[in-house]
Amino acid sequence: MVKKFTPVNPQPNFSESEKNTLQYWYSSGVVEAYLARNQNSDQRFSFIDGPITANNPMGIHHAWGRTYKDLWQRWYNMRGFKQRFQNGFDNQGLWVEVLVERELGLKNKKEIEELGIGKFVQLCIDSTVRWAGVQTEQSKRLGMFMDWANSYYTLSPENNYMIWAFLKKVNELGYLYKGHDSVPWCPRCETAISHQETLSEDYQELTHKSIYVKFPLKGKKETFLLVWTTTPWTMPANVAVAVNPELTYVQIEQAGETLYLAEDRAEAVLIPDYKTIAKLLGSELVGWEYEGAYDGLPAVKEALAGYTHRVVAAKDLVTATDGTGLVHIAPGAGEEDFKLGKLEKLPVVGAIDERAYYYDGFGELAGKSAKDNPDLIIDDMARRDLIYKVEPFLHRYPVCWRCKT
């Protein structure tokens, strides 16, 4: 005979227990006593809360971090240190804006202007204050003891005035200057993506079309540098070609043309039936001049006035693991290219605007999106017989952590 088992202690209701505990803590004065415990102490521990962005309910990663913070302050409170227990909320930045844009169904910054910037800013303020309230209640449920009525908000006038005061001081000391840089950029959010964001947030394995481009050498008929790139849209911004001075390069002949590329890449890259004519070090190519693919465009002519495309040395940048050993350099479209450009005193061609549309002065490309038309450059250069071949290439590529563009 099997007897039915009846547990002596039924399953506890954890949610109800949590509510009862919280009610007891806040109604009996436990939290207030904890916060005031060391107010007369001579020892002081200053803890500045790195504010959580108030644009959504907290995730498990937020709960993890805030638990650590709470434990740290509790440790010093038990040891008799006076503290202010001030919680913080980050109410500024594109995290907040993108959330409101999604709620309104806005697709670009132009639509924000049409809605009205003042109205949009107020909606962002209302949204982040609302989520700050949600996160406060969530934090209480974690068991955090903080001076919740005295939380700081980064949208406050005090915070913004202090930022301007800091910038004013920096400027007075001569540390503030205006310059240029080439940075990862989101055409959807129309803003830069920091290195911290790309390293820690979003790099994806994406497949793009890579192209092998033929740059004609000046003064030589049917003779080309064979250059590889995974970003065809940057071709109008080309200024130079980089080689590794220590690599061995080969001169080959195929179908009536002469091509130059790294010896270690010849078999992998070249279409069969080619003939090797000569070998030379990359250092021997340095200084060679060639013709760019878009030198006839008004914007390129203006940017490159008095300059001739040339081969430069970049040992650390150029390898023979992929590509051709000849790297397309566009200082206006890449961080490493920009650094090399400064070193070699190369001009800069800026090809696209904040939304990734080609600027005026770029002929038939002007006003067209480099992002939405990935084959624009490929088709154009193929028509002019400047492309040796096109191949799909899988690589890690930065993606905007806010909107996934």
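Trainee: Which residues does K389 touch, not counting residues up to four places away in sequence?
Mentor: This is a predicted model. K389 lies in strand β14, residues 387–398. Beyond its sequence neighbours, K389 touches S210, I211, Y212, A268 and V269.

Trainee: Is K389 buried or exposed?
Mentor: Buried means under 20% relative accessible area. K389 has 17%, so the residue counts as buried.

Trainee: Which side chain does K389 join in a polar contact of 3.1 Å?
Mentor: The contact runs between two side chains. One belongs to K389, and the partner is E391.

Trainee: Where does N244 sit, in a helix, a strand or a loop?
Mentor: N244 is buried, at 9% relative accessibility. Its contacts include Y249, G282 and A314. Strand β8 covers 240–243 and β9 covers 248–254, and N244 is placed between them, in the loop.

Trainee: How many residues apart are E101 and R188, which meet in a salt bridge?
Mentor: Their N to O distance is 2.6 Å. E101 is in helix α4, and R188 is in the loop between β4 and β5. The pair links distant parts of the chain, with a separation of 87 residues.

Trainee: Which residues are linked with E101 and R188 in a network of salt bridges?
Mentor: Both E101 and R188 are buried. The network also takes in E97 and K109.

How values were computed
Residues numbered from 1 in each chain as written. Predicted model: local features only at pLDDT ≥ 70, side-chain atom pairs only at ≥ 80, totals over all residues. Heavy atoms only, no water. Helix = DSSP H or I, 4+ residues; strand = E, 2+ residues; numbered from the N terminus. Buried < 20%, exposed > 50% of the residue type's maximum accessible area, 1.4 Å probe, protein only. Polar contact = N/O pair within 3.5 Å; in protein donor to acceptor, adjacent residues only side chain to side chain. Contact = heavy atoms within 4.5 Å. Salt bridge = Lys/Arg side-chain N within 4 Å of Asp/Glu carboxyl O.
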